[in-house]
Amino acid sequence: MARFWWLVLGIMWLVVSCGPPPSPAPPVKNPPVEQKKEKNDQKEKTSPKPENSFKHLEYVFWRRGRVRWVVRADQAYRFRSRLEMTHPRIVSRERAGLHLEARRGVYFFSRRLFFFQGKVVLHTPNKGTLYTRTLYYRPEEEKLSGDQPLLLKDRGMVLHGVGFEYDLKTGKLRIFKQSRVEFHA
């Protein structure tokens, strides 16, 4: 009787081993959780998140042992290539009376360029007060410029124009186009 069972067991083993291979598993519609995490990590790497954030920022620019400018902002966010500020205020320590205010400011590290926008107000010691929407400041060249409409007020004179360049070294202010002057007593 034992031989009979061995024979039946051997035949069954041959039938199972000689049959067709098993069919592949159906494709998975939802990726595993690990793959989802990898995709989220890639999104986080590409999304612009600040490296540092500051409240009530105060930064001082020095040159040859002397203070040049003091930069203050309500909030600032440092990214890899730029520093974004809300309500920046820049005060010159080299030229008395020169300071600048705006709603938003960005400093680009690689280009060494400040960009201000939103109700930009530039107070100058001898040219009056300039109001515009955008302003560029290049500290290396010591030049301020803009390409938006502007309003300049100084001791009873009101000047309207579009675009300007202000050279801090020489104190010359140049309006590019559509300038109109009004005198008020």
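This is a predicted model: local features need pLDDT of at least 70, side-chain atom pairs count only at pLDDT 80 or more; totals for chains, interfaces and linings use all residues.
Let me begin in the middle of the protein, with its largest nonpolar core, which has 26 residues, and in which F114, F116, L122, L135, Y137 and L144 touch the most other members. As a general background, nonpolar side chains in soluble globular proteins tend to be buried together.

Setting aside the neighbours within four places in sequence, L144 is in contact with L122, L135, Y136, Y137, F164, E165, Y166 and L168.

Now a step back, to the chain as a whole. The protein contains 2 helices and 11 strands, and, read from the N terminus, the order of the elements is α-α-β-β-β-β-β-β-β-β-β-β-β. It has 185 residues, of which 29% count as buried, and its accessible surface comes to about 13,700 Å², with 55% of that belonging to carbon and sulfur atoms. Among contacts between residues at least 6 apart in sequence, 31% join residues at least 24 apart.

To see how two of the strands are put together, look at β1, residues 52-63, which runs antiparallel to β2 and is joined to it by 11 bridges. One example is N52, whose bridge partner in β2 is R78. The hairpin of β1 and β2 has 2 residues between the strands, and in this hairpin R64 takes a positive phi near 55°.

That brings me to the aromatic rings. A pair of aromatic rings is described by the distance of the centres and the angle of the planes. How many aromatic pairs are there in this model? The count comes to 8 aromatic pairs. In one of them, W69 and Y137, the ring centres are 5.2 Å apart and the planes stand at 55°, so this pair is tilted. Because W69 lies in strand β2 (residues 66-78) and Y137 in strand β8 (residues 128-138), the pair ties together parts that are 68 residues apart in sequence. Both W69 and Y137 are buried.

A second pair, F115 and Y136, has its ring centres 5.0 Å apart and its planes at 40°, and is therefore tilted as well. Here F115 belongs to strand β7 (residues 113-124) and Y136 to strand β8, so the parts tied together are 21 residues apart in sequence. Are these two residues buried or partly exposed? F115 is buried, because its relative accessible area is 15%, and under 20% counts as buried; Y136, at 26% relative accessibility, counts as partly exposed.

Finally, I would like to point out a glutamate, E142, which lies in the loop between β8 and β9. Is E142 buried or exposed? At 9% relative accessibility, E142 counts as buried. Leaving aside neighbours within four places in sequence, the contacts of E142 are R63, R68, R95, Y137, Y166, D167, L168 and K169.

Conventions: Residues are numbered from 1 along each chain as its sequence is written. Side-chain values use heavy atoms; hydrogens and water are left out. Rings of Phe, Tyr and Trp (its six-membered ring) pair if their centres lie within 6.5 Å; planes under 30 degrees apart count as stacked, over 60 as edge-to-face and the rest as tilted. Helices (H or I, at least four residues) and strands (E, at least two) are DSSP runs, numbered from the N terminus. Buried means under 20% relative accessible area, exposed over 50%, partly exposed in between (1.4 Å probe, protein chains only). Contact means heavy atoms within 4.5 Å. Accessible areas come from the Shrake-Rupley method with a 1.4 Å probe; for residues, only the protein chains shown count as cover. A nonpolar core is a set of buried Ala, Val, Leu, Ile, Met, Phe, Trp, Tyr and Cys residues joined through side-chain atoms within 4.5 Å. Two strands pair if DSSP finds at least two bridges between them.
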